[in-house]
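Me: I have a structure to go through with you. Can we take it step by step?

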Amino acid sequence: MPPKPEILAAFEAAKGFMPLDEGLALHAAAEEAARLALPLLEVGTYCGRSTILLAAAAREAGVTAVTVDHHRGSEEQQPGWEYHDASLVDEAVGRMDTLPSFRRTLHQAGLEEHVVAIVGRSPLAASLWAAPLGLVFIDGGHTDEHATADYEGWAPHLAPGGLLVIHDVFPDPADGGQAPYRVYRRALESGEFTEVSVTRSLRVLRRVPVTA
């Protein structure tokens with residue numbers, strides 16, 4: 001089922017970079033993964049645009065959405081870079097701080113009660129995590145260091161039959177950075193995942209169920 005109109009309106013009103021078609025694909029994956037009755041986890045919160053979709057699917061299924069971000073902005077969001085938004089700089093400390101915007105986004109969408117926000121570095125959070133996950137959505141830093149750490153930290157927690165979703169996968173280097181694409185290829189070549197769908201730069205993979 002597509003998101004309810006108020007969820008779509010909240011998604012389109014929120015700051016962020018995910019287009020609608022990719023958002024709909026993410027929501028569909030979240031709805032499917034939520035049937036496993038396990039949490040749905042996102043790496044890379046920013047201001048909560050995609051979190052809205054995960055939280056809406058989680059609410060309908062009675063599970064929880066978890067989102068992980070240090071909220072200081074990724075590399076391309078720093079001053080002088082293409083995706084920098086000066087309105088998100090905390091003038092008191094002189095650094096990016098997307099946490100207040102994220103909290104407003106969830107509040108306005110009425111989804112605060114369905115989300116656990118982890119404020120910190122993804123690898124550290126992953127090292128402390130012990131529960132199985134129904135979905136892992138990787139949309140954090142786009143360097144090889146960060147994308148690889150997100151994959152290595154969180155994919156092992158994905159339950160059999162769970163979905164691994166990777167954003168900003170660009171096979172052609174002219175279209176964007178290659179780190180998410182390399183993680184995507186690594187997942188497929190591991191033999192642990194099969195591809196479910198492709199929507200522009202969004203890839204959905206399923207962890208192959210363990211056979212006896």
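Me: How much of the protein chain is buried?
Reply: Buried residues make up 47% of the 212 residues in the protein chain. Buried means under 20% relative accessible area, exposed over 50%, partly exposed in between, with a 1.4 Å probe and protein chains only.

Me: What sort of model is this?
Reply: This is a predicted model: local features need pLDDT of at least 70, side-chain atom pairs count only at pLDDT 80 or more, and totals for chains, interfaces and linings use all residues. Residues are numbered from 1 along each chain as its sequence is written, and side-chain values use heavy atoms, with hydrogens and water left out.

Me: How many helices and strands?
Reply: The protein chain has 7 helices and 9 strands. These are DSSP runs, numbered from the N terminus: helices are H or I with at least four residues, strands are E with at least two.

Me: And why call it as compact as a globular protein of that length?
Reply: Its radius of gyration is 16 Å, close to the 17 Å from the globule rule for 212 residues, so it is as compact as a globular protein of that length. The radius is taken over C-alpha atoms, and the rule is 2.2 Å times the number of residues to the power 0.38.

Me: Let's look at strand β1. Which way do its side chains point?
Reply: β1 covers residues 40–43. Leu 40 and Glu 42 point one way, Leu 41 and Val 43 the other, and all are buried. In a regular strand the side chains alternate between the two faces of the sheet.

Me: Which strands does β1 pair with?
Reply: β1 pairs with β2 (residues 65–69) in the parallel sense over 4 bridges. β1 also pairs with β6 (residues 133–138), again parallel over 4 bridges. Two strands pair if DSSP finds at least two bridges between them.

Me: What stands opposite Glu 42?
Reply: Thr 67 in β2, and Phe 137 in β6.

Me: New topic. How many aromatic pairs are there?
Reply: The structure holds 3. Rings of Phe, Tyr and Trp (its six-membered ring) pair if their centres lie within 6.5 Å; planes under 30 degrees apart count as stacked, over 60 as edge-to-face and the rest as tilted.

Me: What about Trp 129 and Trp 154?
Reply: Their ring centres are 5.8 Å apart and the planes sit at 65°, so the pair is edge-to-face. Trp 129 is in the loop between α5 (122–128) and β6, and Trp 154 is in helix α6 (residues 144–154), 25 residues apart.

Me: Is Trp 154 buried or exposed?
Reply: Trp 154 is buried, at 0% relative accessibility.
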